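Please read these notes with the model open beside you.

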Amino acid sequence: MPDGTGYSALIGELSAGLQPVRPLASPWRRAALWCGAVAWVAAIFALFCDAGALFHRLAAAPDMWLSFAGALLTAAAAAWAAFSTSIPGRSSYWAMLPLPPLAAWLAASTAGCLRMRSIGWTQPEPHMHGMDCLYFIVMVAVPLAALLMWQIMRACPLRPALTASLAGLASAGAAAAVLTLIHPFDATYEDLLAHLAAVLLVVGSVRLAGARVIRKARL
Amino acid sequence: MTESQGFSALMAASQTGDARAYQALLRACAPIAAAIIRRQGVPADRIDDAVQETLLTIHRARATYDPSRPFLPWLRAIAQRRAVDALRTHGRTTAREIADDDAYLNHPGLELPADATLDRADQTRVLAEAIAALPPGQRQAVELLALRERSLDEAAVDTGRSKGALKVNLHRAINALRQRLSGDQDA
């Protein structure tokens, strides 16, 4: 059926009830919309944080603000990449976009643990605090990931696992950045491991669940 | 206007709800999709299915097309993905399913074989003849209680006989039938 006439029945059916559709906004605009939702969540948590202490903590050592900025930029870049890879024909190299900020985030967090000098405006870390961080990141990341996946489902993700992984990374990065607002402790290895475990947990879960949802929707 | 610009214009018109442009676009897309799918190594008997899946995906994803961008990379990505899906399905099918012609030929059908159907018809005829040969009281008891499955009370009302008499008639009828039919089989 090389000329397409063999598919006449299907083509007739598809074009019979054709409704106008509005082309989706560009990936960066849609990512900006999601980042706006993250900003709202952050604003709610900011109400409960000591802004002065937060500013002093971030300014006390470069690793502190680099880690915060790295998490924030990772979230924004991963969301942009997730929206880009959900459009047919866009290069899968978009998935590399969040790698530089992710590397900066990891490097700054590790550097904070290696730093000999402790900084002011911090409190002694309670026992098993790492688990609290893990729970916080997961609890905040899950609704953000659900929102992101809902936006992504309006497009056509032809690489479900890749797109869902990026959505998971964006949500985990955003949750980690929000955590910084209410985290009055200096960097420790326990914290670093807990944050890393939480990010991996979120990315893995969203990849599994998101890819399954996309495949079931037969997009 | 180049071919790609033509496709872009058709898709842009389709996004506004122009059914005629959409039909023309899908008709033009089908052979291109088939060529892409064939190049991916999809078996010939699966190409049509993959092309249909491609057309369905184009329909579902038409809002994701940006008219300011070239159309063919968008189409190629969809067709290639559907080709990969077709190859995966084909791979799963060939890996898990085996053809066993002997098992198919030896599988018993749901219907009875012709000789069994004839046997059953013969048995029914012989039984009907044996019942007809019974004395009237016994025949009536068999017809009402065994064949029509009436209760003893209902049969007693219908015939005007006592329930005891009906039971006795039925018992004698069954003994007579057993003797006659076993005698027939022995013969």
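**Notes on the model**

1. Arg125(B) and Asp122(B) sit three residues apart in helix H6 (residues 114-132) of chain B, which is about one turn of the helix. Helices here are DSSP runs of H or I with at least four residues, and strands are runs of E with at least two, both numbered from the N terminus. The two side chains meet in a salt bridge, 3.7 Å from N to O. A salt bridge means a side-chain nitrogen of Lys or Arg within 4 Å of a carboxyl oxygen of Asp or Glu. Asp122(B), Arg125(B) and Glu129(B) are linked in a network of such bridges.

2. Before going further, note that this is a predicted model, in which local features need pLDDT of at least 70 and side-chain atom pairs count only at pLDDT 80 or more, while totals for chains, interfaces and linings use all residues. Residues are numbered from 1 along each chain as its sequence is written, chains are lettered from A and ligands numbered from 1 in the order in which they are written, and side-chain values use heavy atoms, with hydrogens and water left out.

3. Arg82(B) forms a salt bridge with Asp85(B), and their closest N and O atoms are 2.5 Å apart. Both belong to helix H4 (residues 71-96) of chain B; because they are three residues apart there, about one helical turn separates them. Arg82(B) counts as buried, at 8% relative accessibility, whereas Asp85(B) counts as partly exposed, at 27%.

4. Another salt bridge joins the side chains of Asp153(B) and Lys163(B), at 3.0 Å from N to O. This pair links distant parts of the chain: Asp153(B) is in helix H8 (residues 152-159) of chain B and Lys163(B) in helix H9 (residues 163-186) of chain B, ten residues apart. Asp153(B) is partly exposed at 47% relative accessible area, as is Lys163(B) at 41%. A search of the whole structure finds six salt bridges over all chains.

5. In the interface, 30 residues of chain A are in contact (heavy atoms within 4.5 Å) with 35 residues of chain B. The two chains bury about 2700 Å² between them, 64% of it on carbon and sulfur atoms. Tyr7(A), Leu14(A) and Leu18(A) supply 22% of the area that chain A buries against chain B, more than any other three residues. Buried area is the accessible area (1.4 Å probe) that two parts lose on being put together, summed over both.

6. Chain A has eight helices and zero strands. Buried residues make up 49% of its 219 residues.

Note on methods
Buried means under 20% relative accessible area, exposed over 50%, partly exposed in between (1.4 Å probe, protein chains only).
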